[in-house]
Amino acid sequence: MDSATWTTIARLVDWLDAHNTNSPELTRLLRVLKIQEEAGEVAEAIHGAMGANPRKGASHTWDDVEKELCDVILTSMVSLATITPDARRVFAYHLNRVAERSLGAAGPTADAAGPTAIA
């Protein structure tokens with residue numbers, strides 16, 4: 001992910017925080033739980049795109065599924081940035097570890113020096 005993406009995520013977290021009245025603990029919990037809500041919307045959109053609900057028919061499109069998947073990713077990034085100030089590096093490090101394990105990638109990327117590395 002590029003720097004602009006994480007800058008936008010940080011701005012969204014700041015905006016949410018400015019409109020938040022919950023404790024930090026409750027805020028973290030609610031933002032992580034929001035991922036599940038968004039995942040449910042993906043499932044609903046898939047059912048709608050496949051016309052799986054006879055009462056509703058084809059109520060969604062695959063474009064709707066794409067949008068809902070993006071909402072899951074965005075919500076997850078906001079949640080990660082809420083629980084760690086170093087979300088960009090934590091994510092890059094984890095992504096690199098998964099790639100190395102799964103794909104045999106040749107070493108860490110520049111952004112993936114570790115979850116506590118200093119830029």
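In which helix is T27 found? I located T27 in helix α2, which covers residues 24-49. Helices here are DSSP runs of H or I with at least four residues, strands are runs of E with at least two, and both are numbered from the N terminus.

**Basis of the entries**

I note that this is a predicted model, in which local features need pLDDT of at least 70, side-chain atom pairs count only at pLDDT 80 or more, and totals for chains, interfaces and linings use all residues. Residues are numbered from 1 along each chain as its sequence is written, and side-chain values use heavy atoms, with hydrogens and water left out.

**Overall fold**

I looked up the secondary structure and found four helices and zero strands. Along the sequence the pattern reads α-α-α-α. Of the 119 residues in the protein, 23% are buried; buried means under 20% relative accessible area, exposed means over 50%, and partly exposed lies in between, with a 1.4 Å probe and protein chains only. I also looked up contacts, defined as heavy atoms within 4.5 Å. Among contacts with a separation of 6 or more, 53% join residues 24 or more positions apart.

**T27**

I returned to T27 and checked its surroundings. T27 has a relative accessible area of 6% and is therefore buried. Its side chain makes a polar contact with the side chain of N20, at 2.5 Å. A polar contact is a pair of N or O atoms within 3.5 Å; within protein, one must be able to donate a hydrogen and the other to accept it, and residues adjacent in sequence count only if both atoms are side-chain atoms. Setting aside neighbours within four places in sequence, I found T27 in contact with N20, N22 and T82.

**W6**

I next looked up W6, which is found in helix α1, residues 3-18. Is W6 buried or exposed? W6 counts as buried because its relative accessibility is 9%. Beyond its neighbours within four places in sequence, W6 is in contact with M1, M77, L80, A87, R88 and F91. For one of these, R88, I noted a separation of 82 residues in sequence and a C-alpha to C-alpha distance of 6.5 Å from W6.

**Helix packing**

Two packed helices are described by the angle between their axes and the distance between the axes. The axes are lines fitted to C-alpha atoms, for helices over the stretch in contact, and the angles run from 0 to 180 degrees between N-to-C directions.

For α1 and α3, I found an angle of about 70 degrees, with the axes 9 Å apart. The two helices are therefore roughly perpendicular to each other; angles of 65 to 115 degrees count as such, under 35 as roughly parallel, over 145 as roughly antiparallel and the rest as oblique. In this contact, T5, W6, I9, L12, V13 and L16 of α1 meet L74, M77, V78, L80, A81 and T82 of α3. I recorded the classes of these residues as ten nonpolar, two polar and no charged. Ala, Val, Leu, Ile, Met, Phe, Trp, Tyr, Cys and Pro count as nonpolar, Asp, Glu, Lys and Arg as charged, and the others, Gly among them, as polar.

For α2 and α3, the axes come within 9 Å and cross at roughly 170 degrees. That angle makes α2 roughly antiparallel to α3. Their contact has 13 nonpolar, five polar and eight charged residues.

**Salt bridges**

How many salt bridges does the structure hold? I found six, a salt bridge being a side-chain nitrogen of Lys or Arg within 4 Å of a carboxyl oxygen of Asp or Glu.

I looked at D17 and R31, whose side chains meet in a salt bridge at 2.9 Å, N to O. D17 lies in helix α1 and R31 in helix α2, so the pair ties together parts that are 14 residues apart in sequence. D17 is partly exposed at 37% relative accessible area, whereas R31 is buried at 11%.

K34 forms a salt bridge with E38, with 3.6 Å between the closest N and O atoms. Both lie in helix α2, four residues apart, and so are separated by about one helical turn. I noted K34 as partly exposed at 32% and E38 as buried at 8%. A network of salt bridges links K34, E37 and E38.

Finally, K56 forms a salt bridge with E44, the closest N and O atoms being 3.8 Å apart. This pair links distant parts of the chain, with K56 in the loop between α2 and α3 (62-83) and E44 in helix α2, twelve residues apart. Relative accessible area is 42% for K56, which is partly exposed, and 38% for E44, also partly exposed.
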